[in-house]
Amino acid sequence: MAQKFTVVVTSDRYGNETEGLELEQEVVGRITDIEIDLQGRPSASEDELIAAGADADALCVSTREDVTRRVLENLPRTKVISRYGVGLDNVDLDAAADNGIVVTHYPGYCTSEVADHALSMILALNRRLVEQDRALRNGDWVKFGPATRTILRGPVWPLREQTLGIIGYGRIGQSVAERARPFGLTILAHDPYQEPAVMEAHGVESVSLNELLDRSDIVTIHCPLTPETRGILGAAELARMKPTALLVNTARGPLIDLKALAAALESKALAGAALDVVYPEPLPAEAPFYTMDNVILTPHSAYYSEKSVELVRQETLLEAIQVLRGKRPRTVANPAVLEKVHLEA
Ligand code: NAI
């Protein structure tokens, strides 16, 4: 008799208990060596997760779930937590290891999508595309005639004379540099854990965070959210930036002090920003960014493409299944767990 396991999807991104998990059911249908009971139980808070995970051998989680130490200490059967995607800031990795729970994720599944999104934001801010579109819908073309500068409401700088600063020069940061180069941008990067030689090989100058903020016309963030990087751009850092500078964040909301950012944008100490990630998410209706002309917002959608989502859904489930089989998944995000749990290579 095949061993039977319960896999619970707590993410609300793809479906609920009754519909939306057809792709996952298809994957399960192809598994013959073990039996999987797949359950969709969208949950986010600690108590919801503890209830949803009571009988779960595996949890498939996304970004909004609060997988804290208390949750991990109250999942009696769970052997693996498989995270849809890249960032692991919502999972307490040490607590998972202490409780013998393997954490796996799928880095790299949407590198090119996020890089495309960041570059689209850079181009849209630089060319004032969204502002122009809003102005025209508002009747400005009819009102001002061909007076382009009146409609533009601000300067447009040639990209070939601009400097782009990349904070975090990993997979996505490097893909952004690759895409930015043909536009003639001078590229700086700050990443204390990356060899400067890697940057030099790409024609990118390795600099300190302060130098990057002082020199850049456009800053784009691509580091993970960790205790060290939380608030990496606070009031003091934003004040260092040029008043003509633009800021793009497709990494994680809490990397930036959003109150300080709103104040800087309001007072024109900063020219514009494009934010795919904020906090909390969704951004509350009263948030000041919704009414600022110099801000572009997207709903944490940088990861998205038809292909990337299909890939991440399949792989997240398959990686969880690997652990249930007693095998090592492609990535173990909390390697300390391997002292407690034996997984075949
Ligand atoms: P990665 O791990 O390949 O690169 C991250 C880089 O940041 C590494 O090179 C690391 O050394 C660097 N870093 C760490 N601490 C730093 C610090 N204090 N200052 C500067 N750099 C530092 O990760 P990848 O794949 O490039 O993803 C980056 C982030 O993008 C993820 O952690 C995730 O939060 C975010 N992301 C957002 C998505 C979205 O839909 N908006 C989708 C996928 C990822």
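Trainee: What makes a run of residues a helix here?
Mentor: Helices are DSSP runs of H or I with at least four residues, numbered from the N terminus. Glu22 lies in one of them, helix H1. Keep in mind that this is a predicted model.

Trainee: Why is Glu22 called partly exposed?
Mentor: Its relative accessible area is 49%. Buried means under 20% and exposed means over 50%, with partly exposed in between. So Glu22, at 49%, is partly exposed.

Trainee: How do you know that the buried residues of H1 line one face?
Mentor: Those buried residues are Leu23, Glu24, Val27 and Val28. Seen down the axis of H1, they fall within an arc of 140°, so they line one face of the helix.

Trainee: What does the face of H1 turned away from its buried side carry?
Mentor: That face carries the exposed residues Glu26 and Gly29.

Trainee: Now to H14. Why is Leu317 called buried?
Mentor: Leu317 is found in helix H14. Its relative accessibility is 1%. The cut-off for buried is under 20%, so Leu317 counts as buried.

Trainee: How many residues apart in sequence are Leu317 and Arg83?
Mentor: They are 234 residues apart in sequence. In space, their C-alpha atoms are 9.1 Å apart.

Conventions: Residues are numbered from 1 along each chain as its sequence is written. This is a predicted model: local features need pLDDT of at least 70, side-chain atom pairs count only at pLDDT 80 or more; totals for chains, interfaces and linings use all residues. Side-chain values use heavy atoms; hydrogens and water are left out. Helices (H or I, at least four residues) and strands (E, at least two) are DSSP runs, numbered from the N terminus. Buried means under 20% relative accessible area, exposed over 50%, partly exposed in between (1.4 Å probe, protein chains only). The arc is that of the directions from the helix axis to the C-beta atoms.
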